[in-house]
Amino acid sequence: KPFKRLLLTGAAGGLGKILRDRIKPWADVVVLSDIADLGEAREGEEIVQCDLADKAAVMKMMEGVEAVLHFGGISTENTFENIMHANILGTANVYEAAHKQGVKRIIFASSNHTVGFYRNTDYIDASAPTRPDSFYGVSKCFGEQLASYYWDRTGLETVSLRIGSSFPEPKDRRMMVTWLSYDDLVEALRRSLFATRVGYTILFGMSDNDVAWWDNSKAAHLGYQAKDSSSQFDDHFPDTGEYPDTNAAVTYHGGAFALAEMRYKD
Ligand code: NAI
Ligand code: 15L
């Protein structure tokens, strides 16, 4: 198998549960980590239950690891204090431990909410300035900048996968644009892990949907090609034909995140 030890953080989450089996062919041992319970380790698995904000635990978990799929953290808007703990401190611990333990590459589960304040009439590529739509989005911008810094300073490579909406099906009109099927997610991870050189690359995680807000030409060297399209769900969310679409849910790339209440602390 290509890797001896591959670490997946956030393994108990919605995407982690899907990836747990799908990434097995890539490593002799998949190290599964989460703050939540992960159940029993199956063959070819090791389980580490820890808080990513616990630096010593993260340093130990990283021993012998060759590559990391960093999916752990708070995945929607929350108080700044909670986001700071899990996403900012947690991601910093992951990068520092990875550097110290000689990890070659990290795939960082970033988010469309790094650019969530662009409007539905904007078509952007990876060179567009970030426009976070939430404290959550700001934390993902921090993770991306940290990844860029570790690449320039230490040679640790990262693909920041700005995931759109990765669920079994789109849940609203916006997700017809932002949807990333699970198969396409796995393909994006495979390309990101196995491309010869990635340096620091940003890849928008979307399927081959009829409407797109994001241009992946700056990540062409990864060779990612989506196979699925949200068009199979057209009858669930018929196109109104209105352009620009004035529906509040699709005004911004980040949808409702851009309108959520700001909570610094509880
Ligand atoms: P999720 O919320 O289901 O999973 C996140 C996991 O991280 C949870 O199991 C949680 O227990 C764990 N976690 C939270 N705080 C932690 C901490 N301090 N220490 C250790 N583990 C902690 O989210 P989901 O949907 O599986 O997303 C996974 C990753 O992908 C997240 O980083 C999210 O921001 C990102 N993402 C997901 C998208 C999607 O459409 N599902 C879209 C964009 C980004
Ligand atoms: C995200 O970043 C979240 O993790 C996920 O739960 C969805 O809200 C997704 O973005 C989205 O924008 O649809």
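The buried residues of helix α6 are covered by elements that include β4 (67-70), β5, β7 and β8, where helices (H or I, at least four residues) and strands (E, at least two) are DSSP runs numbered from the N terminus. The model is predicted, so local features need pLDDT of at least 70 and side-chain atom pairs count only at pLDDT 80 or more, whereas totals for chains, interfaces and linings use all residues. Residues are numbered from 1 along each chain as its sequence is written, and chains are lettered from A and ligands numbered from 1 in the order in which they are written.

Helix α6 comprises 13 residues, 182-194, and spans 18 Å from its first C-alpha to its last, close to the 18 Å expected at 1.5 Å a residue; the expected span is 1.5 Å times one less than the number of residues. Its buried residues are D184, L185, A188, L189, R191, S192 and L193. A residue is termed buried if 20 or more other C-beta atoms, placed from the backbone, lie within 10 Å of its own.

Among the elements covering α6 are β7 and β8. Strand β7 (residues 157-163) runs parallel to β8, to which 6 bridges join it; pairing requires at least two DSSP bridges between strands. S160 has I202 as its bridge partner in β8. Of the 6 residues in β8 (residues 200-205), 5 are buried.

The largest nonpolar core contains 62 residues, of which L8, V68, A98 and L203 touch the most other members. Such a core is a set of buried Ala, Val, Leu, Ile, Met, Phe, Trp, Tyr and Cys residues joined through C-beta atoms within 7 Å. Helix α3 contributes the most to this core, with 7 residues. Residues up to four places away in sequence aside, A98 touches M62, V68, V103, I106 and L156, contact being defined by backbone-placed C-beta atoms within 7 Å. A second, separate core has 5 residues, including V115, Y252, F257 and A258.

Ligand 1 is surrounded by 25 residues, the closest being G13, L15, S75, A109 and I163; a surrounding residue has its backbone-placed C-beta atom within 6 Å of the ligand. Two or more residues each come from α1 (14-22), α3 (80-100) and β5 (105-111), and α1 supplies the largest share, 3 residues. This shell has 12 nonpolar, 11 polar and 2 charged residues, with Ala, Val, Leu, Ile, Met, Phe, Trp, Tyr, Cys and Pro counted as nonpolar, Asp, Glu, Lys and Arg as charged, and the others, Gly among them, as polar. Around ligand 2 lie S75, T76, S111, N112, H113, S165, M175 and T178, a shell of 1 nonpolar, 7 polar and no charged residues.

Key. Buried ≥ 20, exposed ≤ 12 C-beta atoms within 10 Å, placed from the backbone. Contact = placed C-beta atoms within 7 Å.
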